[in-house]
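Please look over the structure below before reading the briefing.

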Amino acid sequence: MDWFDNFLPADRKKEVREVFDSLMRGEQQLLEFYENQIQTRDKGERLISWHNILMRDEEGGIQGVLCSGEDITHKRQAEQERGELERQLLHTQKLESLGVLAGGIAHDFNNLLMAIGGNLELVRQAVEPGSSVTKYLDNAHQAVKRAGDLTRQMLAYSGKGGYSVKLVDLNLLVGENVELMKASLRKGAVVTVQLQPGLPLFEADPGQMLQVIVNLVTNAIEAAGEGGTISVATGLAEFQATQLGRSRLERKPPPGSFLFLRVADNGCGMDRATCERMFDPFFSTKFTGRGLGLSAVQGIVRGHGGAIFVETGAGAGTTVQVLFPVVGPPSTAEVATPPARRETATPRGTVLERALAKEAEGRDGAAVEKTALVAAPGDASAPEVKGDGKPGTVLIVDDDEMVRLVCRAMVRGLGYSTMLASDGAEAVELFGKHAAEIGYVIMDLSMPQMDGMTAAERLRGIRPDVRIILSSGYSAIEEARRLSGQRGALFIQKPYDLESLKQVLGDKEPL
């Protein structure tokens, strides 16, 4: 049987024969070691590693080649798989390192924002209405809010950003916010929205879902440009392992039912190199990197156990589809109000102003610091009054002094007595002495020596019904949920404002 006709793949026959003929004429040097594909009887292909020796006659003329081959198909596949696993491991380690860095910076930055924003609010409430300094305070407060948004993106990228899990209506969230974003369309651009009716609610952080929607739609609008077309669609579908294997995330979810959000544009698209880097932090094709937008999307989807698919090509537009798993029937968690409609302004109130004036009169420096409740009859902002005619004492536990002080001022402003502790051990000791007086504990989760979770469990051991409010610059919603399984634990994300603090102190239900 002719080797070239029967054992070589069709697309290699001509090339290999030409090399062989050139070798026989002495025009080409023999490759002693060589690898190529051969064709099997069933038209499959195997990779062979050859050891080649020239065969010569007595005069030294070339008669042919003796080729000894070893089938290395499985060996090479194993090497490639091992190399791919090593690449994925290195990539995962890089992402984890970046995530730890981003999360650590966000945590420390949130503590600083807590101190800055809290003091700004206190000053804002203390100045006279209509004062010339009000606009400067408002500008500074807006800057703090923008910095808070950046830290939330950093937490999302690090995978530590799921801090307010509720039942989310994906259609409602997409419909309302895409409608608002139409104002940023370029001239002649069109957005179409297709929402599959009857989608189930799913447990997620509505603020993070909003980040996903806004980032994907904003990117599509910019890519489409003037006269472009952007389509946004939602739906529910089954996805198999082979499909999920195409996810841009290292960890592939198991097969099952997934809610999906698909955003497509007919813009310039991306080449292979750009597509590979599209989720890198601060990577952008627009001169310099602009932020953590798509990186945050990746972190959010990873944190929710989902998947990301990207289809693109130079000049062929881009389609990004994100999946969120639907696991069993929805729980009885609170249904989220769309973030775009939430009221975030902190109302001015006379209670806080009078309390601040009271605070300025001086203190005796004792660990327990009390502020009288000053509120007009029927004042809705007054805290709940206990049986002895005084509001419950709040124990504030944080290793950052600036956070302790600003939290104390805000809590005292709401009419509560306060106690301060700088770490978990001090909090447990103080609580052991004043358990009957303390109605609430605001506890930082990340503290040296004894962390907030350990200290909170110790406090529950002393008095099981104590109201514990866990706080962190990270997101620790799952840890807070674990403690709240025994009832009585809430969670507030730093940096929090006066209104958030007021709500959590008045909240009747745990996480």
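On a 1 Å grid over the protein atoms alone, a cavity is a set of points where a 1.4 Å probe fits but cannot get out, and lining residues have an atom within 4 Å of a point. The second largest cavity is lined by Ile396, Val397, Asp398, Val403, Cys407, Ile442, Asp444, Ser471, Lys494 and Tyr496. This is a predicted model, in which local features need pLDDT of at least 70 and side-chain atom pairs count only at pLDDT 80 or more, while totals for chains, interfaces and linings use all residues. Residues are numbered from 1 along each chain as its sequence is written, and side-chain values use heavy atoms, with hydrogens and water left out.

**Cavities**

- The count comes to two cavities of 30 Å³ or more.
- The second largest cavity has a volume of about 40 Å³, where a volume is the space filled by probe spheres set on the points, and grid points are joined across faces, edges and corners.
- Helices (H or I, at least four residues) and strands (E, at least two) are DSSP runs, numbered from the N terminus.
- At least two lining residues of the second largest cavity come from each of β12 (393–397), α11 (401–413) and β14 (438–444).
- The lining of this cavity has six nonpolar, one polar and three charged residues. Here Ala, Val, Leu, Ile, Met, Phe, Trp, Tyr, Cys and Pro count as nonpolar, Asp, Glu, Lys and Arg as charged, and the others, Gly among them, as polar.

**The chain as a whole**

- The protein chain has 15 helices and 16 strands.
- Of its 511 residues, 44% count as buried. Buried means under 20% relative accessible area, exposed over 50%, and partly exposed in between (1.4 Å probe, protein chains only).
- Among contacts (heavy atoms within 4.5 Å) with a separation of 6 or more, 67% join residues 24 or more positions apart.

- Five of the five residues of β12 are buried.
- In a regular strand the side chains alternate between the two faces of the sheet.
- Thr393, Leu395 and Val397 point one way from β12, Val394 and Ile396 point the other way, and all are buried.
- Two strands pair if DSSP finds at least two bridges between them.
- β12 pairs with β14 in the parallel sense over five bridges, and Leu395 has Val441 as its bridge partner in β14.
- β12 also pairs in the parallel sense with β13 (residues 418–421), over four bridges. In β13, Leu395 is partnered by Met419.

**The sheet of β1, β2 and β3**

- These three strands form an open sheet in the order β1-β2-β3, with antiparallel pairing.
- β1 (33–39) and β3 (62–71) are at the edges with a single partner strand each, so one side of each is left without a neighbour in the sheet.
- From one strand to the next, the twist averages 40°.
- β2 (residues 45–56) is joined to β3 by nine bridges, and Asn52 stands opposite Cys67 in β3.
- Helix α2 (residues 13–24) lies across β2 and β3 and runs at about 135° to β3. Axes are lines fitted to C-alpha atoms, for helices over the stretch in contact, and angles run from 0 to 180 degrees between N-to-C directions.

**Two loop residues with positive phi**

- Lys43 is in the loop between β1 and β2. Lys43 is not a glycine, yet has a positive phi of about 70°.
- Lys43 is exposed, at a relative accessible area of 61%.
- Gln449 is in the loop between β14 and α13 (452–462). Phi of Gln449, also a residue other than glycine, is positive and near 70°.
- Gln449 counts as exposed, with 79% relative accessibility.

Technical notes. On a 1 Å grid over the protein atoms alone, a cavity is a set of points where a 1.4 Å probe fits but cannot get out, and a pocket is an open set with protein on both sides within 12 Å along at least five of seven lines; lining residues have an atom within 4 Å of a point.
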